[in-house]
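Q: I'm new to reading protein structures. Could you walk me through how to read a few features, one at a time?

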Amino acid sequence: MKLKETSLDWALKHILRDGDTDLFPKPFEFAIAKEQWARLKPNLANVEINGHQWQGTRRLVVPKSDFAFRSITQLDPLDSILFAAIIKEIGGNIEKRRPKYLDGTVFSYRFDPSTSGRLYSENSGWEDFWKRTIEHCSNYTHVLVTDISDWYNQIYHHTIENQISISNIDINYWHAIKNLIANASEGVSRGIPIGPHPSHLLAELAMIPTDEFIKGISPAFCRYVDDIHIFCNSEVQANKILYQLADNLDKTQKIQLSRRKTKIFPTSIFAKTASDNAIDKPINKFEQEMLAAVRSYTSSPYQKVSISVVKPVDLAKLSKNNIESVVTEYLKADQIDYVRLRWFIRRLAQVGASGGVEILVKNFGSLMPAVADVAQYFESATKNYEGSWVDIGDDLIDLYNSDVVQVSEYLKVIILSLFSRIRDLNHIEKVTSLYVDGTAMTKRKIVLAAANGEMAGWLSGLKGDYKNSDPWLRRALIYSMRVLPRDERTFWLISVNKRVKGLDELVAKSIA
């Protein structure tokens with residue numbers, strides 16, 4: 001089976017629009033893919049997807065909250081395009097089998113691809129999930145609140161296989177997906193990649209049997225990903241449903257409900273929690289004004305807005321003092337609401353409002369679960385920040401050398417990625433000094449930072465390293481040699497072009 005060229009076109013648009021994941025900086029390879037698409041697309045269109053050998057994935061442990069972590073996965077760039085194209089082709093069949101959105105039961109990740117590359121509906125469903133909960137709280141006396149422990153890592157591959165079959169999806173797609181998720185889980189028959197956007201629809205597919213079971217035993221329920229609210233007219237009835245659900249999940253998929261998050265509440269009490277979540281509640285008036293200002297220029301949470309079109313009255317709302325007030329308010333809470341804080345940082349990144357650069361660097365240690373969003377924000381604020389990027393670079397180097405960052409490869413990668421994208425951070429000599437003791441992932445960022453700083457002399461000494469490097473570092477080494485003098489680069493590429501193929505070859509062509 002081969003994928004449609006239209007699906008591949010859409011997949012590239014999707015990744016250029018939304019990235020391959022929110023948790024890693026977007027790899028430069030996708031810009032190369034766009035530039036070389038006329039050469040690349042025919043090769044991808046000829047891939048027999050049901051027998052495709054998926055490349056090795058990159059896996060890292062990242063902070064989720066103060067004391068919680070999760071393992072995330074990044075696919076090879078070409079595999080990311082193929083995965084997105086597969087989901088584009090089968091997503092309609094999956095969506096048809098799910099309860100309709102207007103039924104008011106399942107709100108998360110509704111498949112709704114757009115010509116611009118959007119994969120899911122612009123309406124995230126989060127607020128509607130809580131509004132529906134409020135409605136049910138008015139009609140029932142008790143609510144069972146639960147979620148599935150470590151859901152994405154516990155998804156049983158056989159469940160996905162069964163649901164693909166029931167959804168009238170060609171078996172060849174299953175072979176492709178099975179090979180991908182088995183490769184990502186290193187042969188274990190559980191778990192799907194956490195990070196790639198298309199994975200969400202596989203998780204929703206795997207939840208269909210549970211949705212159907214709950215519908216058969218409960219008066220009413222609603223779900224967002226693995227957060228489940230089941231409504232009843234007595235505590236006894238809620239307990240009965242809890243036991244039935246736990247038993248069903250154990251027998252059918254050998255998965256368990258979260259002990260910490262499973263509780264039964266009188267709806268009179270839980271309605272207040274639902275109300276707090278259903279309404280967009282900024283932490284103070286400054287956040288409220290800033291979010292309203294950003295929304296006045298775009299309703300999409302992804303579209304970038306040039307700060308040059310922002311009116312002076314709105315720029316005043318996005319001032320440094322106001323931004324620092326909001327961030328300070330979040331950070332002083334006993335339990336930091338990282339979900340809302342990340343949302344706020346992303347809105348600042350949409351317009352590149354630079355007033356948060358200094359306070360975010362200063363409080364980096366308290367922002368670990370939001371660090372990917374902080375990095376994206378810094379990049380968006382590059383052109384608008386009027387302070388000293390060199391001083392910010394000093395702070396980032398100090399952070400890199402701190403004890404906490406040194407035990408987290410993910411945090412090191414995120415910090416180094418900033419030096420590879422923001423030239424004015426400077427300190428490239430200090431960054432390149434880290435290369436010798438680096439891992440493949442950190443070396444990749446250091447090499448890209450050296451190219452960003454036009455360290456041609458230093459990079460020249462690495463010309464032979466690509467031969468024994470992993471694919472990600474190898475491509476970075478080739479791409480970074482673009483800063484070498486033309487004659488030196490041309491001569492070096494003669495030997496490189498004899499060795500490279502696939503995406504490596506396209507990267508080499510891009511610097512010729």
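**Reading the model step by step**

Q: Is Ile-323 buried or exposed?
A: Keep in mind that this is a predicted model. To judge burial, we look at how much of a residue's area is accessible, and under 20% relative accessible area counts as buried. Ile-323 has a relative accessible area of 0%, so Ile-323 is buried.

Q: Where does Ile-323 sit, and which residues does Ile-323 touch, leaving out those up to four places away in sequence?
A: You'll find Ile-323 in helix 14, which covers residues 320-331. Leaving out residues up to four places away in sequence, Ile-323 touches Met-290, Leu-318, Phe-344, Leu-348, Ala-353, Gly-355 and Gly-356. Sequence distance and distance in space are two separate things to read: Ile-323 and Glu-287 are 36 residues apart in sequence, with their C-alpha atoms 7.6 Å apart in space.

Q: How do I read a sheet, and in what order do the four strands of the open sheet come?
A: The general idea is that strands of a sheet pair through backbone hydrogen bonds, either parallel or antiparallel. Here, four strands make an open sheet in the order 4-5-3-6, and the pairing is antiparallel. Strand 4 and strand 6 (263-266) are the edge strands, each pairing on one side only. From one strand to the next, the twist averages 20°.

Q: How many bridges link strand 3 and strand 5, and how many join strand 4 to strand 5?
A: Strand 3 and strand 5 pair over six bridges, in the antiparallel sense. If you want a spot to look at, Leu-144 stands opposite Ile-230 in strand 5. Strand 4 is joined to strand 5 by five bridges, and these two also run antiparallel.

Q: Which helix lies across strand 3, strand 5 and strand 6?
A: That's helix 11 (residues 267-278), and helix 11 runs at about 100° to strand 6.

Q: Why is strand 4 described as largely enclosed?
A: Look at the burial of its residues: five of the five residues of strand 4 are buried, so strand 4 is largely enclosed by the rest of the structure. Ala-220, Cys-222 and Tyr-224 point one way, Phe-221 and Arg-223 point the other way, and all are buried.

Q: What should I look for at the turn between strand 4 and strand 5?
A: Strand 4 and strand 5 form a hairpin with two residues between them. Check the backbone angle phi there: Val-225 has a positive phi of about 55° although it is not a glycine. With a relative accessible area of 15%, Val-225 is buried.

Q: Where is Asp-150, and what is its phi near?
A: Asp-150 is in the loop between strand 3 (142-147) and helix 6 (151-154). The phi of Asp-150 is near 50°, a positive value in a residue other than glycine. Its relative accessibility is 45%, so Asp-150 counts as partly exposed.

Q: How do I read the side of a helix, and which residues of helix 18 are buried?
A: An α-helix has 3.6 residues a turn, so residues three or four places apart point the same way. In helix 18, the buried residues are Trp-389, Ile-392, Gly-393, Leu-396, Ile-397, Leu-399 and Tyr-400. They cover an arc of only 155° around the axis, which means they lie on the same side of helix 18. Among the elements covering them are helix 16 (357-362), helix 17 (371-380) and helix 20 (409-421).

Q: What span should the twelve residues of helix 18 have?
A: At 1.5 Å a residue, helix 18 (residues 389-400) should span 16 Å, and the end C-alpha atoms are 16 Å apart, which agrees.

Q: Which residues of helix 26 are buried, and what covers them?
A: In helix 26 (residues 502-511), the buried residues are Leu-503, Asp-504, Leu-506, Val-507, Ala-508 and Ile-511. Their cover includes helix 2 (29-35), helix 3 (37-45), helix 4 (77-97), helix 24 (471-480) and helix 25 (486-496).

Methods:
Residues are numbered from 1 along each chain as its sequence is written. This is a predicted model: local features need pLDDT of at least 70, side-chain atom pairs count only at pLDDT 80 or more; totals for chains, interfaces and linings use all residues. Side-chain values use heavy atoms; hydrogens and water are left out. Buried means under 20% relative accessible area, exposed over 50%, partly exposed in between (1.4 Å probe, protein chains only). Contact means heavy atoms within 4.5 Å. The expected span of a helix is 1.5 Å times one less than its number of residues. The arc is that of the directions from the helix axis to the C-beta atoms. Two strands pair if DSSP finds at least two bridges between them. Axes are lines fitted to C-alpha atoms, for helices over the stretch in contact, and angles run from 0 to 180 degrees between N-to-C directions.
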